[in-house]
Amino acid sequence: MADPYHNNTYHQQGGGGDAYGSYGEGGGQDGYAYQGDYPAQDEDAASDATEGHDEEDQMYEGEYQGIPHPDEVKAAQRAARAKSRPAGNVISELEELSEQYEDIMQDCGHGKFQWTLFIVLGLALMADGVECFVVAFVLPSAEKDLCLSNADKGMLGLTVFLGMMVGAFVWGGLADKVGRRRCLIVALAINCVFAFLSSFATGYGFFLFFRLLSGFGIGGSVPIVYTYFSEFLQMGKRGEYLSWLCMFWMIGGIYASFTAWGIIPRYGWGFSMGTEFQFHSWRVFVLVAALPAIISLVGLMFMPESPRFLLENAKHDEAWMILKRVHDTNWRAKGQPEKVFTVTHIKAPKTAEDEFIEIQSATGTAIQRWTVRSATLCKLVLKNVASLLSAELRITTLFLAIIWFCMAFSYYGLSVWFPDMIKHLQNEEYAAKVKVFHGERVERFRFNFSLENQIHKEGEYIRDEFINIEIKSVTFEDSLFEDCYFKDIRSTDTVFRNCTIRSTEFINTDLWEDKFIDCKLENVSWHENKHGCHLDAVEENDVLIYLVSFLGSMAVLPGNIVSALFMEKVGRVKIIGGSMLVSAGCTFLLFLSFSQAAIIALQCLFCGVSAAAWNGIEVVTVELYPTSKRATAFGLLNAMCKLAAILGSSIFASFVGITKAIPILLSFGALICGGLVALKLPDTREKILQ
């Protein structure tokens, strides 16, 4: 059987092909070979990395203070890992690569490079958070521009999550075969392009299509971002810094809330493009919402590919250069530019079975070659997905699928239920204040004041004028309008039921025939009536959408901070299980909430505790899968998360105004189930990234 590893060295020899030396050979310290471990070279042949570096003149400053040398600490850690393995077990070559890579990342340190990548990837995660709020914020205004029915609005919200679900699965699978950086760049580019196009969509069909593709693009950000960043972190910092990274999702919610609040109500921010197209303020907001994705996309152009991915795919030279860049960037920023990257040899596996089929340029057409490569890539991705159900990973995948689904079902379901329930309570309070007028007779009167929240029954209006007023939530029932004059009218939720309208004119109003239900119209005329669906007056309650989303996003902050600080101390499993069980308790308290203030307070508590659970889930998902399957598994689980979000938001919203017992019990049961399953997961705090 052929050796599954091949050896290469980073020194060109004899002008021939690459010949790599085994990582860790040559008498080095049980980890990787150092420059000084090899026979002396001629001065001209010395590595650039050792130029001006005289090891004999160096003295470790803690030598006489009883402080162990960092190399001794690392050697002790390696010895402890070796001791923890069962006796007689031979370490596999992939496990050896994992340990060696961990040693390299410890040598590279944590500094400027990781913080730069942290910001760039954080913005991509922020873009995902923004995407979840965009449609909810623009609907109150867009529904008037695009003539949306209630069914259209519901479909639009679900379509965005559908796009994100497919995107998570596709981009996660591709990231394990094509590369983390490349896939993330393409995914963000798709999101930016179609978000831009959606702001100019003039019809519901185009807007729906563009938001679907925008969601497909941004769906790849979550699985790739966590996978990508984790492969630049050493074991001791992985849980904490992945948790800090989660905070950008919260920042995305705050950014979306603030910009929507600041832009959408300002109708003067829009402009006209011809006579048919009005670029209203909600379209400006859609463009502004794409800024985090655009900035992240630009930043990624200056970031390297994951060296761990490159090593898994036998691209040793590229991986070594990137690791050296990480090392040099960090130590220069720390004021130690003389510290050299001493790694010379890395052992990495062959991946011949995963190589794409290459066709010579003389064979077939370009389309045929592209078709074969694409088909091969699809087969490799699907094979990787199927491997998640192999004997080694089946239980892990099942447990994580249950946890992701239960958490997402409750979280996204309640995220829709909270604002809808608050709005329902407000509508009930508003309806309780309705004024009822019965049998009134008004003749030769000019209405020059607004009418709001009124019911007029069996009234008679003779030769009256309704000029330049707003009529909001007004119902006329069994009434007579004769020789009346309506001009410059703006209406919201206004209807005429079983009325008789005689010899009446409507000029520049939005009172079309569909607002006259079972009415008798005699000699009625309409002139210069308003066209389109942007007719209803703005509801004051629209501001509630921004406020509730903002408070929910802000409430995530304490949960993020606590989970980041205790992720390494307490452990991922306890944080996930404990947070999900506490969240279940929060949902049960909703039985005792009868006011808007109580619901908002419980929403903030629920979001804060849930944030800790989400952080733990995302960290443990990264750590339980090997490099070759990490993004694929994360993408599959995140796709299941979006499916649960679609189901949860649809089911919970359908019970608003009917009963709150079913949403509460469903959420409570799902969280209890997910929390108990989470306690069965292995602790990954001391686990090297495989």
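**Core, helix packing and cysteines**

The largest nonpolar core has 147 residues. V138, Y226, F229, L245, F285, Y412 and W614 make the most contacts inside this core. The model is predicted. Helix α3, residues 112-145, supplies the largest share of the core, 19 residues.

**Nonpolar cores**

- V138 touches E143, F207, I264, W282, F285 and V286, leaving aside residues up to four places away in sequence.
- F285, one of these partners of V138, is also among the residues with the most contacts inside the largest core.
- A second core is separate and has 20 residues.
- Members of that second core include F447, V474, I489 and L511.
- In soluble globular proteins, nonpolar side chains tend to be buried together.

**Helices α3 and α7**

- Two packed helices are described by the angle between their axes and the distance between the axes.
- Helix α7 spans residues 221-230.
- The axes of α3 and α7 come within 9 Å.
- These axes cross at roughly 165 degrees.
- An angle over 145 degrees counts as roughly antiparallel, so α3 and α7 are roughly antiparallel to each other.
- The crossing of α3 and α7 is left-handed.
- On the α3 side, the contact uses Q114, L117, F118, L121, A124, L125 and D128.
- On the α7 side, the partners are S221, V222, V225, Y226, Y228 and F229.
- Y226 and F229 of α7 take part in this contact, and both are listed among the residues with the most contacts inside the largest core.

**Helices α14 and α19**

- Helix α14 covers residues 394-432, and helix α19 covers residues 661-678.
- Their axes lie 8 Å apart, at an angle of about 150 degrees.
- This angle is also over the 145-degree cut-off, so α14 and α19 are roughly antiparallel to each other.
- The crossing of α14 and α19 is left-handed.
- From α14, the contact is made by F399, I402, I403, C406, M407, F409, S410, L414 and W417.
- From α19, the contact is made by P663, L666, S667, A670, L671, C673, G674, V677 and A678.

**Cysteines**

- The disulfide count is 0.
- C499 is in no disulfide.
- The nearest cysteine sulfur to C499 is that of C519, 4.6 Å away.
- C499 has 1% relative accessibility and counts as buried.
- C183 is buried too, with a relative accessible area of 4%.
- Buried means under 20% relative accessible area, so C183 at 4% falls in that class.

Terms used: Residues are numbered from 1 along each chain as its sequence is written. This is a predicted model: local features need pLDDT of at least 70, side-chain atom pairs count only at pLDDT 80 or more; totals for chains, interfaces and linings use all residues. Side-chain values use heavy atoms; hydrogens and water are left out. A disulfide is a pair of cysteine sulfur atoms within 2.5 Å. Buried means under 20% relative accessible area, exposed over 50%, partly exposed in between (1.4 Å probe, protein chains only). A nonpolar core is a set of buried Ala, Val, Leu, Ile, Met, Phe, Trp, Tyr and Cys residues joined through side-chain atoms within 4.5 Å. Helices (H or I, at least four residues) and strands (E, at least two) are DSSP runs, numbered from the N terminus. Contact means heavy atoms within 4.5 Å. Axes are lines fitted to C-alpha atoms, for helices over the stretch in contact, and angles run from 0 to 180 degrees between N-to-C directions. Angles under 35 degrees count as roughly parallel, over 145 as roughly antiparallel, 65 to 115 as roughly perpendicular and the rest as oblique. A crossing is left-handed if the near helix is turned anticlockwise from the far one by less than a right angle, and right-handed if clockwise.
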